[in-house]
Amino acid sequence: MEHPHRVVLLAGPSGSGKSYIAQRTGLPVLCLDDFYKNGDDPTLPRRDGLVDWESPLSWDADAAVETIARLARHGKADVPVYAIGADRRVASRPFDVAGSPIFVAEGIFAAEIVEECRRQGLLAGAYALRRPRGATFLRRLARDLAEQRKAPRVLLRRGVALLREEPAVLRRQTGLGAEAARAREVLRRVADLLSGHPHQH
């Protein structure tokens, strides 16, 4: 089934610049981080007694795909607004693709839904943003401190752990069907899709 709108999924390690690159495409951008589960959800995965927010199981993949499918069919949907500091959804808001044939959905777990989006005919492309690990570490730490997401020592400890895990994160995302690409390659691929000359993988 042909949908009037299709999605470009943009994955990548935490802090790799997904939101920035998504905005640079000039397309409507759906933030997949808004589909995290609430902090009191009993299905949340735990590691060392704490919620493991880096695990895909902390995220509601079904709700994300359902929303993308609605946007692909109708061009609009209500989407959740999630407050990371409070670990919960605090509101919902209307999202409209504004007539664009393509929209971007970005988030650390975007690769988890590549196969399902492809199966439903929703997918225009899927990329995992690849950047130098040191640059990602500094970008993520600066962002998290500025947004006061957690206590500084928690952010630093988490940042070092993520730095070590980054190659494994990229391997997982590409294994799930996202193509590893640098920022300029993502922008070029999206431009090709919009011009009707999609890059063949």
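Two strands count as paired if DSSP finds at least two bridges between them. The model is predicted. By that rule strand S1 (residues 6-11) and strand S8 (residues 123-129) are paired, with 5 bridges joining them in a parallel run.

**The open sheet**
- An open sheet is built from 5 strands in the order S2-S7-S1-S8-S9, with parallel pairing.
- Strand S2 (29-31) and strand S9 (179-181) each have a single partner strand, so they stand at the edges and one side of each has no neighbour in the sheet.
- From one strand to the next, the twist averages 30 degrees.
- Leu 10 has Tyr 127 as its bridge partner in S8.

**Helices across the sheet**
- Helix H5 (residues 152-175) lies across S1, S8 and S9, and runs at about 165 degrees to S8.
- Helix H6 (residues 183-195) lies across S1, strand S7 (102-106), S8 and S9, at about 175 degrees to S8.

**The hairpin**
- Strand S5 (residues 76-83) and strand S6 (residues 88-96) run antiparallel and are joined by 8 bridges.
- Ala 77 is opposite Phe 95 in S6.
- The hairpin formed by S5 and S6 has 4 residues between the strands, and Asp 87 in the turn has a positive phi of about 55 degrees.

**Cysteines**
- A disulfide is a covalent bond between the sulfur atoms of two cysteines.
- The whole structure contains 0 disulfides.
- The cysteine sulfur closest to that of Cys 31 is in Cys 117, and at 15 Å it is too far for a bond.
- Cys 31 is partly exposed, at 24% relative accessible area, whereas Cys 117 is buried, at 0%.

**Salt bridges**
- There are 13 salt bridges in the structure.
- One of them joins Asp 52 and Arg 47, with an N to O distance of 4.0 Å; Asp 52 is buried at 15% relative accessibility, and Arg 47 is partly exposed at 44%.
- Glu 54 and Arg 158 form a salt bridge in which the closest N and O atoms are 2.8 Å apart.
- Glu 54 is in the loop between strand S4 (50-51) and helix H2 (61-74), while Arg 158 is in helix H5, so this pair ties together parts 104 residues apart in sequence.
- Arg 143 and Asp 144 also form a salt bridge, with the closest N and O atoms 2.8 Å apart; Arg 143 is partly exposed at 27% relative accessible area, and Asp 144 is buried at 2%.

Note on methods:
Residues are numbered from 1 along each chain as its sequence is written. This is a predicted model: local features need pLDDT of at least 70, side-chain atom pairs count only at pLDDT 80 or more; totals for chains, interfaces and linings use all residues. Side-chain values use heavy atoms; hydrogens and water are left out. Helices (H or I, at least four residues) and strands (E, at least two) are DSSP runs, numbered from the N terminus. Axes are lines fitted to C-alpha atoms, for helices over the stretch in contact, and angles run from 0 to 180 degrees between N-to-C directions. Contact means heavy atoms within 4.5 Å. A disulfide is a pair of cysteine sulfur atoms within 2.5 Å. Buried means under 20% relative accessible area, exposed over 50%, partly exposed in between (1.4 Å probe, protein chains only). A salt bridge is a side-chain nitrogen of Lys or Arg within 4 Å of a carboxyl oxygen of Asp or Glu.
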